[in-house]
Amino acid sequence: MVRKTRSGTRTRLTAALILLTAASAFAQPIGSRDPLLNQGPKAVATAAGGMVATQLPNVTRAAVRVLEDGGNAVDAFVTAVFLQQVEDYHQVSHFGAMSGLYYEAATGTTTAFNAFSERPRADRCGEGKQVGRLAIGGTVRGLESLAERFGTKPWAGYLEPAIAAAEQGILVTNFQYANNYSLWENGDLIRENEEARAFYMPDGHLVPVGGIWKMPALAATLRAVAARGADHLYRGAWARKFVEQATRRGFCVTLEDLAEYRTQWLEPARFTYRGHEILVEPPPNKGGLLVGQNLNVLEQFDLTATGHFAASPETLEIMVRSFGKVESDMKWSIQDPAAYRNPTELWNSKEYARLSAEFVRQTMPQPGVDLTAAMEREAPEADAASSAMTLGSNHNVIVDAHGNWISSLHTGHGGAPGIFIDGVRATGSGVKSETTGPGRRILAEVTGVFVMKEGRPWLSLGTPGFPPQPVTEVLVNILDFGMHPKDAADAPRFWAFLYGQTERRVLRIESRISEEVRRGMARSGIAMEELGDYNWHTGSMQIIWRGDDGRLYGVSDPRRLGLAAGHSEEGGAP
């Protein structure tokens, strides 16, 4: 059902937002070489009103326009996501997945929402059909649910900037072209799907860097969603095409599966770290509990005494081994609550954290042992690097002048392999999930994060990719080492993984580290792969916080293309 506006009348929102396209909306950015459209340092924004931090300048500005027009954080967020799915087409999908946290200032309550993809009912299709990588994406249904529950603007108005961008064309950046080229060269979607090939290669080749990429098929789909609501994708013409194509490819899915999809409203998971209350998303998403247990274990160590992990091999080893312990525990213990009990209270208990920390201490190398020679003889395997460090997704953090906060990630993970319908890439998901019974969601390692102060959010952050480790590292930078959020996002980041037949620990880390760290990892038998000074696989943080002066501040990660901006934006930092 299409939502009716609470105000009953349209405001100047439509007139203002229809001007937004990637090519011409604002005086900046201009051209594909504009610093705002490339990797590099991002300025700190400050404002007395609302604040927006997203992965693309035009998306941030569109959301700010909504706030300036009197919309709230959800109004700005829904507008931003629809536009982002056009502007950042290579990262996300309208038939993808979404979840996050929303703090409502009027009631002082935080709600978790889950519109992540779920598997269809395998028992409906009979023999000979597979579920496999097929997943029912929830993003648009989730956006509609958020707008119905918390929004204040007309539904169709949320989509107008996205429709304008798809029709008039978006500016292709270096980052986008590189990913489109990789999809064309290494994937089978463009090669084997004629509709996808015409969309990506309208003149027989990919739209080049600096070119304008028009998406008329996607614009038509968005107009249908604007007119008929999310039902177009879950009950209407698009849904019927999806079921027909998926069934023809041998997958199990029915129109009933799509029609029954619902947004889940959940209580957030809560824990404390060094006196700070932190709220995250609960299962079926796993990311929040991973962040929580990472921090619970690290709380048992005095990290400030040993020094920052980019300079101290002792601190880095503690964090690497702690992350490994938590990842190992989490692998099978946190599941979809529709099918399994989840020991959340046990998982978040300080007693369990103390035992885990003691496990880390007692599995360190023997004192005086130097494993450097052994490490030099056996180089680290590298076969899992590309699958372990993914690029996709967008995370947005938005705060309005009334004190409402939203922190949410949206991504792909909807559809089935090879499917591309009416401008929507819907190529499925290989993420683990149950395949029988209703409501089985994929188990994603994502989360929004609120750090609370006096019962209200003080700081929120999030990142695409696999958030738990990068989010933990940035929170440690802020809460342990007292770093300014901009510096905390800029600081070197790392990935600690176990993979391969021998399950050897491999540390992948940005290269801005001390020589003592390099020698220390070798002495401890931890294989290390350097990623260069900055590596965009390690995430793209969007961070907003409230300063001691009561003003809002925001910053975007230097590893990708983001921008933070707000009402009456001023320069400087607290």
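**View 1. Strand 14 and its two partners.** Let's start with strand 14 (residues 449-453). Four of its five residues are buried, so the rest of the structure largely encloses this strand. On one side of the pairing story is strand 9 (residues 276-280), which runs antiparallel to strand 14 over four bridges. Look for glutamate 277, which stands opposite methionine 452 of strand 14. Strand 15 (residues 456-462) also pairs with strand 14 in the antiparallel sense, over five bridges.

**View 2. The turn between strands 14 and 15.** These two strands form a hairpin with two residues between them. Lysine 453 has arginine 456, in strand 15, as its bridge partner.

**View 3. Two ring pairs out of 27.** The structure holds 27 aromatic pairs. In one of them, the rings of tryptophan 347 and tyrosine 352 have centres 6.0 Å apart and planes at 35°, so this pair is tilted. Tryptophan 347 counts as buried, at 3% relative accessibility, while tyrosine 352 is partly exposed at 22%. Now turn to tryptophan 405 and phenylalanine 450: their ring centres are 6.3 Å apart and their planes sit at 75°, so this pair is edge-to-face. The pair links distant parts of the chain, with tryptophan 405 in strand 11 (residues 405-411) and phenylalanine 450 in strand 14, 45 residues apart. Tryptophan 405 and phenylalanine 450 are both buried.

**View 4. A ring cluster, and charges over rings.** Ring pairs join Tyr89, Phe199, Tyr200, Trp213 and Phe420 into a cluster. Elsewhere, look for charged ends sitting over rings. Arginine 149 places its charged end over the ring of tryptophan 265, 4.4 Å from the ring's centre.

**View 5. The largest nonpolar core.** In soluble globular proteins, nonpolar side chains tend to be buried together. The largest such core here has 78 residues, and Phe82 and Phe242 touch the most other members. Helix 3 (residues 73-87) gives the most to this core, with ten residues. Zoom in on phenylalanine 242 and you'll find contacts beyond four places in sequence with Phe95, Leu134, Val253, Leu258, Gly415, Ala416, Ile419 and Ile421. There is also a second, separate core of 53 residues, including Leu289, Phe301, Leu461 and Leu475.

**View 6. Lysine 214 in its loop.** Find lysine 214 in the loop between strand 6 (212-213) and helix 9 (216-228). Setting aside neighbours within four places in sequence, lysine 214 is in contact with Ala166, Glu167, Gln168 and Gly169. Valine 86 is 128 residues away from lysine 214 in sequence, yet their C-alpha atoms are 9.9 Å apart in space.

**View 7. Where to read with care.** The chain averages a pLDDT of 88, and 87% of the residues score at least 70. Over residues 1-28, though, pLDDT is below 50, even if this stretch has 73 contacts beyond near neighbours in sequence in the model. Residues 498-502 also stay under 50, with 13 contacts beyond four places in sequence. Where pLDDT is low, the predicted coordinates should not be read in detail.

Notes
Residues are numbered from 1 along each chain as its sequence is written. This is a predicted model: local features need pLDDT of at least 70, side-chain atom pairs count only at pLDDT 80 or more; totals for chains, interfaces and linings use all residues. Side-chain values use heavy atoms; hydrogens and water are left out. A nonpolar core is a set of buried Ala, Val, Leu, Ile, Met, Phe, Trp, Tyr and Cys residues joined through side-chain atoms within 4.5 Å. Buried means under 20% relative accessible area, exposed over 50%, partly exposed in between (1.4 Å probe, protein chains only). Contact means heavy atoms within 4.5 Å. pLDDT is the predictor's confidence in each residue, from 0 to 100. Rings of Phe, Tyr and Trp (its six-membered ring) pair if their centres lie within 6.5 Å; planes under 30 degrees apart count as stacked, over 60 as edge-to-face and the rest as tilted. A charge sits over a ring if NZ of Lys or CZ of Arg is within 6 Å of the ring centre and within 35 degrees of the ring normal. Two strands pair if DSSP finds at least two bridges between them.
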